[in-house]
Amino acid sequence: MAGIDYDKVTIKHNPSVAVLYEEALTHELGTVIASSGALCSYSGKKTGRSPNDKRIVEEETTGKDIWWGPVNTKMSESVFLINRERAIDYLNTHPRLYVFDGFAGWDPKYRKKVRVIASRAYHILFMRNMLIRPTEQELEDFGTPDFTIFNAGEFPANRYTTGMTSTTSVSVNFKRHEMVILGTEYAGEMKKGIFTVMHYLMPKAGVLSLHSSANEGPDGDVSLFFGLSGTGKTTLSTDPKRSLIGDDEHCWSDTGIFNIEGGCYAKCIDLSQEKEPEIFNAIRFGSVLENVVLNEDSREVDYADDFLTENTRCAYPINFIPNAKIPCMGGHPKNIILLTCDAFGIIPPVSKLTPNQVMYHFISGYTTKVAGTEDGIVEPTPTFSACFGAPFLVLHPQKYATMLAEKMSMHEANAWLINTGWVGNSAKNGGKRCPLKYTRAILDSIHNGTLANSQFETFETFDLSIPTEVEGVPSELLHPRRAWQGVPEEFDVSIKSVAEMFIQNFKLFQDEASPETCNAGPKI
């Protein structure tokens, strides 16, 4: 723990959940226990990630590999050291610090040892839930970590330091194997920081890293779900009929799928026991609720209240889900499901994709940013995010897309595009979110094999194959034109507008994509 002054600071190394509760309740203003037993913590001003403040250090060992640009902004080694020293100086002023040692990656062959050093017990409990918790023997043998996070998020970055755009800085240095956080107490920065690290290290080892959830059926059939925050990855992969491998971050190796994380980070806005019982019941002693509003007397959480943020969250160990598969590993996927949240009511609730369409839609990564997942997003905003996770990619998207294509071809996986967004019209003009029960019915028909054997029709402009019927889903809902509640001319304008967005976006990738992939998109 380089730079930490042991003479001045009391360090609690790998404290228990109960101790972390006591520390947070004693020393962190506003922290309370919910009636469910979960710890309610507050991240201050920042209630979502700050992607514009993320930096990767440019140095000779990794500089040529990284996909530099808007996603990966360069930081010099000297500026990183300035921020690192600022963070460590701040941590040394604290009377107490907390340290957690855990693993990223369930496959022992590929897992990485991660050490988290923080001034808030909430941050350590969060990462204790999100990383894989070592056994006592593994802790004894832990040794030198592969990556260290210095979380001094309570203290601001100096915005006059070269390259800083605000008082927030989240920086990754692959050469030093370190991450430094200043100016944000949002715990999700640590989780996604480690995901960024794995997005670099795993492909280098021949393993595909994926922004996806995964589950497994009774017969061992694995499904992968791709999608950005708000598209339903966590909700849809948590299925009482299937074992959960993980809800957000996975790797696909030569032997199958493994989860990167040891926990789940679920959105809580409008959560109910009726709609999502597994997630609702996972919120208990040991879980961390973030930025929720409670009843002052009963301490019951009002999950519909977005007074602090739309991005209310809960972090809990994956074993809090009754049907979680431990260890979180599975075989090669049988179904690849690309999730999108279309705000315009144009993308069908489900489409079967050809191999070239998979590549096109994977590289496009179309969805709608939903309120609360990032600072400043207050209404649904259309976006394209390469590989359904551009903010976390370190290498060029084509690298991940090529690896996915090779693995899908080798293991003959079916691929589907599912829209969990709006049907009947756009979000702006009175459309409704596709009911969760219908999306679940679609997934059931994918998993039991009936959908693959259905009758299909071709959806105009996008050339997508959409089923004429799905058990448990109104047939008129399956075809966007027939589901449209407005006048037909409005639909014509909307479908052309969405198609044009796809075409314009894909121009960024057409130089490296194959002609077959380029031709798999919409045509006007």
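**Aromatic rings and pockets in a predicted model**

Tyr 360, Tyr 366, Phe 384, Phe 459, Phe 462, Phe 502, Phe 506 and Phe 509 make up one aromatic cluster. This is a predicted model, so local features need pLDDT of at least 70 and side-chain atom pairs pLDDT 80 or more, while totals for chains, interfaces and linings use all residues. Residues are numbered from 1 along each chain as its sequence is written, and side-chain values use heavy atoms, without hydrogens and water.

Me: What makes Tyr 110 and Phe 258 a stacked pair?

Reply: Rings of Phe, Tyr and Trp (its six-membered ring) pair if their centres lie within 6.5 Å; planes under 30 degrees apart count as stacked, over 60 as edge-to-face and the rest as tilted. Here the centres are 6.0 Å apart and the planes are at 0°, so the pair is stacked. Tyr 110 sits in the loop between strand E6 (96-104) and strand E7 (112-118), and Phe 258 in strand E15 (residues 256-259), 148 residues apart. (Strands, E, are DSSP runs of at least two residues and helices, H or I, of at least four, numbered from the N terminus.)

Me: Why are Phe 147 and Phe 174 called edge-to-face?

Reply: Their ring centres are 6.3 Å apart and their planes stand at 70°, so this pair is edge-to-face. The whole structure holds 19 aromatic pairs.

Me: How do you know whether Phe 147 is buried or exposed?

Reply: Buried means under 20% relative accessible area, exposed over 50%, partly exposed in between (1.4 Å probe, protein chains only). Phe 147 has 4% relative accessibility, so it counts as buried. Phe 174, at 5%, therefore counts as buried too.

Me: What does Phe 462 touch?

Reply: Contact means heavy atoms within 4.5 Å. Setting aside neighbours within four places in sequence, the contacts of Phe 462 include Ile 346, Gln 357, Phe 502 and Pro 522.

Me: What lines the largest pocket?

Reply: A pocket is an open set of points on a 1 Å grid over the protein atoms alone, where a 1.4 Å probe fits, with protein on both sides within 12 Å along at least five of seven lines; lining residues have an atom within 4 Å of a point. The largest pocket has about 980 Å³ of space, where volume is the space filled by probe spheres set on the points, joined across faces, edges and corners. It has 40 lining residues, and Gly 230, Thr 235, Lys 267, Ile 269 and Arg 433 are the closest to its centre. Helix H6 (233-237) gives the largest share of the lining, 4 residues.
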